[in-house]
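Let's take a friendly walk through one protein model.

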Amino acid sequence: MGEKLKNFFSNAFCEEDEDDEEESYSEENTSAYEEPRNQQVKAVSNAKMIVKEPRSYDDAKEVAEYLLKGKAVIVNIHKLNESSGTRLLDYLTGVTFAIRGSYQKVDNNVFLFAPNDMPVDGKVEVSE
């Protein structure tokens, strides 16, 4: 009877060791190089981009709230006068800086503001 128990426990532990080897093997399938890239894609997969065309400086708060919620915003300020447009861009630039995001000019009067967890590749060259 003692031999049967010994064999039972021996087989049970051997099977667990094999399972552990399979688990560790499956974890090794993803290289260290791929891991951060995979996490970045998961974080951005739920991304949503907002397009706004503010009519006054007061609309800056709404755009800022989108940025704070982790949404990228394209802002077209062509309907604002020069001083309101400058104030709005200054405000949004400050918000973007505070959340460690990024911004860039896409075209005349069109700007892209993105939170820090939404990478933006490339730079648009605007000729004026």
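## Before you start

Please keep in mind that this is a predicted model.

## Two helices side by side

How can we describe two helices that pack together? Two packed helices are described by the angle between their axes and the distance between those axes. Here the pair is helix α3, covering residues 60-68, and helix α4, covering residues 82-98. Their axes are 10 Å apart and meet at an angle of about 20 degrees. Angles under 35 degrees count as roughly parallel, and therefore α3 and α4 are roughly parallel to each other. The crossing of α3 past α4 is right-handed.

Which residues make the contact? On the α3 side they are A60, K61, V63, A64 and L67. On the α4 side you will find L88, Y91, L92, V95 and T96. Sorted by class, this contact between α3 and α4 has eight nonpolar residues, one polar residue and one charged residue.

## The sheet and its strands

Now turn to the strands. Four of them form an open sheet, and their order is β1-β2-β4-β3. The pairing in this sheet is mixed. Which strands sit at the edges? They are β1 (49-52) and β3 (102-107), each of which pairs on one side only. From one strand to the next, the twist averages 20 degrees.

Have a look at β1 and its partner β2, which spans residues 72-76. These two strands pair in the parallel sense, over four bridges. K52 stands opposite V75 in β2. Helix α4 comes back into the picture here: α4 lies across β2, β3 and β4 (110-114), and runs at about 20 degrees to β4.

Start with E65, which is found in helix α3. Is E65 buried, exposed or partly exposed? Its relative accessible area is 38%, so E65 is partly exposed. Along the chain, E65 and V95 are 30 residues apart, and their C-alpha atoms are separated by 9.4 Å.

Next, find N76 in strand β2. N76 and K52 are 24 residues apart along the chain, with 6.3 Å between their C-alpha atoms. Which residues does N76 contact, leaving aside its neighbours within four places in sequence? The answer is K52, E53, P54, N109 and V110.

Note on methods. Residues numbered from 1 in each chain as written. Predicted model: local features only at pLDDT ≥ 70, side-chain atom pairs only at ≥ 80, totals over all residues. Heavy atoms only, no water. Axes fitted to C-alpha atoms, helices over the stretch in contact; angles between N-to-C directions. Parallel < 35°, antiparallel > 145°, perpendicular 65-115°, else oblique. Left-handed = near helix turned anticlockwise from the far one by under 90°. Contact = heavy atoms within 4.5 Å. Nonpolar A, V, L, I, M, F, W, Y, C, P; charged D, E, K, R; others polar. Pairing = 2+ DSSP bridges. Buried < 20%, exposed > 50% of the residue type's maximum accessible area, 1.4 Å probe, protein only.
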